Amino acid sequence: VILGLSAMAVANAATLLAAHAVVRKLRMGLGSVDVVLFLLVRILLISVAVLGAGLARVLHPLSLGLLGATTLALLVWGGAHRHLPSLRPFPWGRGWTIVGGLLLARLLMQVWIFAPAFDDVLSYHLPKVAEWVRAAAIPAPLGSDPRAAFPAGFELIETWWVVFLHHDALVEMAGVEFLLLAGASMHALATGLGWSARTAGIAALLFILGPGLYFQATSCLNDGAVAALLAAALALIAAGAPLPLLLLPLFLGAGVKPTALLALPGILLTAALIPRAGSRTEGSKGIALGLAFAALLTGISWYVRNAVVFGNPVYPMGPGGISSGLTGTTLQQAGPSLRSLQENLTAFVDLRIYDALAAPDGNCTLGFNGGAAAFALGFPALIVLLRDEPLFRRVALGVAVSTVCILACVVLDSWNSRFILLLTALPSLALARLCERSRPIAALAVLALGLQTVSTFVPGNLSHGRLGALARQPWAERALLPPPPTLDDGPIGFCSDDFGPAYPLYRPDFSRRVVYLREMGADGLLTRLDRDGVKRIVVFGPLLKSGPMFDEATRRGRLRPFEAGPWKGYDVVPEGSR
Amino acid sequence: VRPKPGILSRPEFWEILCAAALLAWRVRQRPVSTLWADWLSIVCVFWIASALGRRWKHWPAVTAVVMAGLLALYASRQVPLTLGALGISP
């Protein structure tokens with residue numbers, strides 16, 4: 001652990017110093033825009049480091065620590081540390097320091113106590129990370145869920161936060177990186193609109209305390225990351241950044257989730273409406289181009305991988321979208337549909353905007369989770385602001401087009417409001433601006449922010465005693481769904497026809513190998529179990545396809561059903577001991 | 001001497017038209033008795049009223065009252081859920 005912590009500290013120091021050195025060379029000279037670029041470059045450096053180490057099959061603490069130490073030594077030798085900004089006195093004032101410090105402390109506490117919980121996370125996001133860390137490489141997708149082949153730019157950052165400790169205790173820090181980017185981007189966007197630093201700070205606070213975006217940061221989900229990257233793109237547009245820098249968040253976004261591409265028309269519209277009158281950057285164009293190229297390689301690597309492995313860059317998306325392997329229902333449509341747009345908009349204004357069906361969580365279950373400020377104050381403020389602020393109108397038009405594009409391209413389900421988290425940027429900005437003009441509205445905003453602060457302590461999916469149970473567990477074993485007990489530490493089998501929580505089987509320290517069973521006959525299954533030394537199999541779901549295989553193996557006396565808490569499956573009876 | 005701009009060239013006209021169309025859709029879609037608590041209807045009425053009366057000196061106060069009402073509407077439904085998540089069921 002000490003070696004891992006040391007390597008993590010050195011590698012993080014190296015990325016921070018390197019990101020600072022790069023941004024200094026870019027010389028945008030605009031405070032909060034430089035912070036946005038700094039965070040973007042750090043995310044890019046981490047992505048490149050993890051992807052490169054994974055492809056070179058050296059994804060372990062020692063190699064990343066050595067890489068970090070070498071980089072750090074070179075930067076210090078070149079004098080990069082002498083240009084670090086002074087934080088005394090704090091450049092953002094005492095009030096903001098206290099508020100920011102308290103929120104950050106709460107966020108870090110949540111990172112420490114929360115554990116991965118959502119089905120998507122346990123089924124196909126984090127099994128990828130577990131496989132990468134175990135293999136010290138980035139192999140082809142192994143999980144039984146076809147969505148394991150989705151772009152994994154966010155998982156690169158998650159891997160950064162788990163690989164050093166070989167443990168998932170800090171996995172939510174990936175979301176924190178993007179929440180900071182979201183806040184900085186909103187600040188920079190407000191500044192780019194010509195508003196005061198105070199208004200920009202309020203807008204940032206309103207945006208990141210939107211319960212949906214906030215809980216995304218602590219849920220190992222990637223939609224908050226997409227919203228942050230899109231907000232960063234808008235901030236760079238408003239700041240008049242050169243095109244290569246504008247491409248940086250967009251390429252990174254494409255590598256995090258294809259919804260970033262669905263939002264692209266609106267972002268491009270805003271870019272077209274806000275002319276880059278004489279680029280403000282005086283720095284090296286070569287560095288900006290290099291950053292854009294690195295982001296492009298990082299972003300498209302998943303699509304190239306899928307094209308090579310599956311013959312389809314957007315696998316598992318086909319001409320008919322993605323269907324459930326079990327029920328055949330459409331999980332994701334291909335292309336836009338007016339019907340989806342109508343259904344999603346109707347659900348939004350009829351139900352979701354109220355956040356009245358479920359407590360907020362990172363998945364935006366049954367709600368928009370935009371928060372009290374957006375619902376009550378922000379959207380009405382938007383009506384007022386759109387009349388008076390032509391520049392803001394162009395940003396709002398772009399965000400509206402992005403939202404409509406996304407809603408037209410996704411099937412209505414109970415969780416798809418998480419795809420449009422960028423929309424909360426508009427009420428956040430509008431309300432912050434109106435707070436400047438009206439004290440009563442500012443007072444209401446404080447009240448609404450208070451409500452949002454309270455509602456972002458415990459996400460709905462960790463309520464009803466689950467959070468308490470997590471807090472009581474020793475940190476090294478903390479898991480919402482502890483794995484089933486086994487006699488030894490040997491590999492465990494996993495089978496699900498469609499969708500199942502494989503991640504807990506790896507254990508929080510990734511100490512167990514998980515064997516994904518895709519065989520379709522008892523003979524093949526038993527051969528695989530014997531070859532890999534699997535003694536227990538966990539199954540999930542009704543097993544409409546694989547069930548007969550397990551029934552046959554059970555009939556032959558080689559499998560014995562078990563149930564342990566939420567888990568069920570089969571114990572493997574060794575050949576000859578029947 | 002420039003002729004007075006016609007009603008069609010006034011932005012307020014188009015704002016009111018848009019808001020009224022949305023409001024008409026809501027009236028058609030939902031029971032009238034529920035519209036007082038319908039977020040979109042309230043926002044549309046606010047939009048129409050603000051297009052007509054935004055230069056009225058008391059308009060900021062009206063805006064604050066509408067926002068306070070919406071905040072109460074949101075809180076009445078959402079706060080119990082948050083309290084439930086915190087383990088403080090009312």
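The model is predicted, so local features need pLDDT of at least 70, side-chain atom pairs count only at pLDDT 80 or more, and totals for chains, interfaces and linings use all residues. Residues are numbered from 1 along each chain as its sequence is written, chains are lettered from A and ligands numbered from 1 in the order in which they are written, and side-chain values use heavy atoms, with hydrogens and water left out.

**A helix pair in chain A**

Let's begin with helix H2 (residues 31-55) and helix H11 (residues 243-256) of chain A, whose axes come within 11 Å and cross at roughly 50°. Helices here are DSSP runs (H or I, at least four residues) and strands are runs of E (at least two), numbered from the N terminus. The angle makes H2(A) oblique to H11(A); angles under 35 degrees count as roughly parallel, over 145 as roughly antiparallel, 65 to 115 as roughly perpendicular and the rest as oblique. On the H2(A) side, A:Leu37, A:Leu40, A:Ile43 and A:Leu44 meet A:Leu245, A:Leu248, A:Pro249 and A:Leu252 of H11(A), where contact means heavy atoms within 4.5 Å.

**The nonpolar cores**

A nonpolar core is a set of buried Ala, Val, Leu, Ile, Met, Phe, Trp, Tyr and Cys residues joined through side-chain atoms within 4.5 Å. Buried means under 20% relative accessible area, exposed over 50%, and partly exposed in between (1.4 Å probe, protein chains only). The largest core has 156 residues, and A:Leu40, A:Leu181 and B:Trp39 are among those with the most contacts inside it. Helix H10 (residues 223-238) of chain A gives the largest share of this core, 14 residues. Leaving aside neighbours within four places in sequence, A:Leu181 touches residues including A:Leu40, A:Ile43 and A:Ala228.

Most residues other than glycine have a negative phi, and most peptide bonds are trans.

A:Arg57 sits in the loop between H2 and helix H3 (61-77) of chain A, while A:Leu366 lies in the loop between helix H15 (338-350) and helix H16 (372-388). There is also a cis peptide bond joining A:Tyr315 and A:Pro316, with omega about 10°. A:Pro316 is found in the loop between helix H14 (285-310) and strand E1 (322-323) of chain A.

Note on methods: Axes fitted to C-alpha atoms, helices over the stretch in contact; angles between N-to-C directions.
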